[in-house]
Amino acid sequence: MVFSSPIFLFIFLPLVLAGYFVTRGRLRNLWLLGLSLVFYGWGEPRFVLVMLASIAANFGFGLWLDRRRGQPGAKALLGAAVVLNLTLLVTYKYAAFLAGNANAALTLIGASPVTVPAFALPLGISFYTFHALSYLVDVSRRAADGQREPTAMGLYIVFFPQLIAGPIIRYKDIAGQLVRRVVTREAFALGVQRFVIGLAKKMLVANTVAVPADAIFSLPTWELTVGLAWLGIVCYTLQIYFDFSGYSDMAIGLALLFGFRFPENFNYPYVARSLTEFWRRWHISLSTWFRDYVYVPLGGNRRGSTRTFLNLWIVFFLCGLWHGAAWTFVAWGLYHGSFLVLERLGAGHWLERLWAPARHAYTMLAVVVGWVFFRAESLPQAGRYLAAMAGFASGTGLEHHVGLQLNAVVALALTAGIIGSAPILPRLGQWREDIATINLRVAVEAGRLAGLALLLVASAMQMAAGTYNPVLHGSLRVLVERQLRLPPFPRGRIQPCSALPRCLLHAERHRRQVGLALLRGRRGPRLLSGGATAHGGRGDAMAGAHGAAPGLAGRARHPLPRGDRAEQGNHLPGVHAGAPEPRAGDHALGPDRLTPARAVERRHPRSARGPSIRQGRRDGLLSDGHALE
């Protein structure tokens with residue numbers, strides 16, 4: 001279950017809120033804990049036991065550390081608890097990655113490869129492992145007392161707003177709120193506003209620009225043009241920010257509905273003027289976690305420049321590996337770590353003397369180049385993609401070009417994303433607070449509420465329409481993949497993109513086959529389930545990879561011109577029965593894709609093709625050949 005799904009928004013969330021405000025005292029924590037486990041187990045019920053075992057083990061370790069603080073063996077006990085948690089994380093998330101690299105090394109020396117079991121990845125294991133480590137270290141450092149209420153401990157680990165997408169909440173920041181918290185009307189209203197804004201970020205901006213981003217990155221790199229490569233990475237730059245920050249906004253808003261105050265996780269990172277400033281604004285909960293629990297214990301900047309630079313590389317190596325088990329993520333982390341080292345070596349002082357727009361351009365160029373490593377499937381692909389961006393593209397621009405991906409909707413989303421990446425809303429909020437005229441204040445408040453309502457309705461319409469809803473978070477992507485019953489990606493690679501493009505490939509294949517069936521004769525056959533036709537003709541062309549889709553029964557009311565019949569050989573491109581499988585880049589079904597009806601529209605003048613496409617829509621036939629229910 002994800003926040004941007006109808007079942008969460010219209011069923012789960014109202015149920016949780018109703019139960020929370022009906023109960024009192026400790027029952028509220030128990031209610032939230034139980035529903036959070038339901039939220040977690042909705043997609044992966046078998047991993048609930050792993051979650052409960054982790055909660056129980058860390059609850060016991062916390063009490064033990066609380067009693068042994070300052071005594072001999074306390075550090076050894078903390079080390080054992082940390083090793084246990086990291087072993088769980090490494091086993092499930094990195095076992096295949098480590099085994100694959102070990103086998104590559106063993107092959108070079110002629111040794112036999114090692115085999116490891118194929119472990120499924122539990123949802124949110126990276127997040128709740130970091131929460132558990134934060135709890136243990138804070139108790140050991142006396143920053144917080146050990147939690148003696150198992151319900152409160154379990155709620156800290158499994159609280160659904162931050163369970164599978166962050167932000168990472170440190171125990172010392174929330175320990176008091178687990179015991180006592182108050183929900184005010186102002187905080188509740190602010191939580192609703194924050195959730196709606198985050199949902200709109202995800203549904204209206206991130207999902208829209210994800211379509212061309214995924215389509216372009218799915219193309220073979222030799223078919224890229226310079227413009228296409230830049231469009232793909234610009235779209236992905238906005239997608240990843242609005243996806244991550246959108247989930248964080250929704251989590252912060254949901255927490256406010258129940259009286260919790262989560263720290264900010266994103267602070268307009270794309271306005272930064274150095275990579276150092278970028279990391280003070282990007283994924284703040286993750287960067288501060290690594291700073292407090294890894295960088296400072298390693299010595300920070302207290303042991304000379306050489307040790308400081310080594311510590312930075314170690315932290316960013318681990319930061320990249322935390323995002324996914326692949327060398328592309330490691331390269332992304334070391335890339336950013338190297339920039340921070342360069343800025344500490346003196347480049348930062350040189351940057352401060354530059355013109356502010358030049359500093360901003362340097363930062364954005366470095367960030368955009370880094371996202372190529374983060375998004376690419378492999379390091380060779382990242383290198384070829386960067387070469388295409390640098391002007392060494394080999395694509396002709398005839399088959400794949402910018403015009404196929406950049407339509408009006410994408411352009412609008414890009415514009416909204418660029419504007420939304422700047423701190424305009426906070427400035428408007430400050431201006432709203434300074435309004436002294438009552439009438440003007442009322443008008444501004446009415447406009448704000450109308451805008452929020454419009455964003456909520458538009459986001460709900462996108463969800464109801466089942467539009468492209470990619471998932472960047474690795475654990476959420478695995479959940480979508482399993483619920484759709486799709487074959488998994490190769491182990492050892494938790495891709496930052498969603499598994500949904502493969503589902504769209506199947507949908508595109510089926511759509512084309514339905515179009516072929518309608519071109520078989522002068523009279524369109526009635527589509528029956530299972531791929532059969534009403535007049536007994538060939539129905540095998542309609543049977544897709546998963547069979548004919550239900551709900552498409554109907555009759556094509558207008559015959560197509562005789563010249564378009566399959567028997568005469570005028571097959572549409574990619575529609576005939578012997579057509580090759582769609583390429584990976586063909587899953588983006590934008591309005592510029594050549595559907596069967598559009599192909600007929602282009603190839604035949606209106607006088608020769610009979611009733612118009614618009615008339616067909618009115619009479620029950622969709623423009624792409626599907627019959628209305």
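Let's start with Phe374: at 4% relative accessibility, this residue counts as buried, where buried means under 20% relative accessible area, exposed means over 50%, and partly exposed is in between, using a 1.4 Å probe and protein chains only. What you see here is a predicted model, in which local features need pLDDT of at least 70 and side-chain atom pairs count only at pLDDT 80 or more, while totals for chains, interfaces and linings use all residues. Residues are numbered from 1 along each chain as its sequence is written, and side-chain values use heavy atoms, with hydrogens and water left out.

Rings of Phe, Tyr and Trp (for Trp, its six-membered ring) pair if their centres lie within 6.5 Å; planes under 30 degrees apart are called stacked, over 60 edge-to-face, and the rest tilted. By that rule the count comes to 51 aromatic pairs.

I picked two for today. In one of them, the rings of Phe159 and Phe260 have centres 4.8 Å apart and planes at 45°, so this pair is tilted. Phe159 sits in the loop between α6 and α7 (171-179) and Phe260 in the loop between α9 and α10, so the pair ties together parts that are 101 residues apart in sequence. A quick word on the labels: helices (H or I, at least four residues) and strands (E, at least two) are DSSP runs, numbered from the N terminus. Phe159 is buried at 2% relative accessibility, and Phe260 is buried at 0%.

The other pair brings us back to Phe374. The rings of Trp332 and Phe374 have centres 5.0 Å apart and planes at 75°, so this pair is edge-to-face. Trp332 belongs to helix α13 (residues 327-352) and Phe374 to helix α14 (residues 356-375), so the pair ties together parts that are 42 residues apart in sequence. Trp332 is buried too, with a relative accessible area of 1%.

Let's zoom out for a moment. How many helices and strands does the protein chain have? There are 23 helices and zero strands. Of the 629 residues in the chain, buried residues make up 53%. Contact here means heavy atoms within 4.5 Å. Among contacts between residues at least 6 apart in sequence, 74% join residues at least 24 apart. The accessible surface comes to about 28800 Å², and 64% of that belongs to carbon and sulfur atoms; these areas come from the Shrake-Rupley method with a 1.4 Å probe, and for residues only the protein chains shown count as cover.

Next, a stop at helix α9 (residues 226-257), where you will find Ser248. This serine counts as buried at 2% relative accessibility. Which residues does Ser248 touch, not counting those up to four places away in sequence? They are Asn265 and Phe266.

On to the loops. Arg142 has a phi near 65°, a positive value in a residue other than glycine. Arg142 lies in the loop between α5 (125-140) and α6 (150-158). Is Arg142 buried or exposed? It is exposed, with a relative accessible area of 55%. His283 also has a positive phi, near 45°, and lies in the loop between α10 (275-281) and α11 (284-295). His283, though, is buried, at 5% relative accessible area.

Another histidine, His401, is in the loop between α15 (379-389) and α16 (402-405). His401 counts as partly exposed, at 32% relative accessibility. His401 and Gly227 are 174 residues apart in sequence, yet 7.8 Å apart in space, C-alpha to C-alpha.

A few words on cysteines. A disulfide is a pair of cysteine sulfur atoms within 2.5 Å, and a search of the whole structure finds zero of them. Cys235 is buried at 0% relative accessible area, and Cys319 is buried at 4%.

Finally, the surface. Ile419, Ile424, Leu425, Leu428, Trp431 and Leu440 make a nonpolar patch of about 590 Å². Patches are made of residues with over 30% relative accessible area and no salt bridge; like charges are joined within 9 Å, and nonpolar side chains (Val, Leu, Ile, Met, Phe, Trp, Tyr) within 5 Å. A salt bridge, in turn, is a side-chain nitrogen of Lys or Arg within 4 Å of a carboxyl oxygen of Asp or Glu. The largest share of the patch, four residues, comes from helix α18 (residues 424-433). Trp431 lies in that helix and is partly exposed, at 47% relative accessible area.
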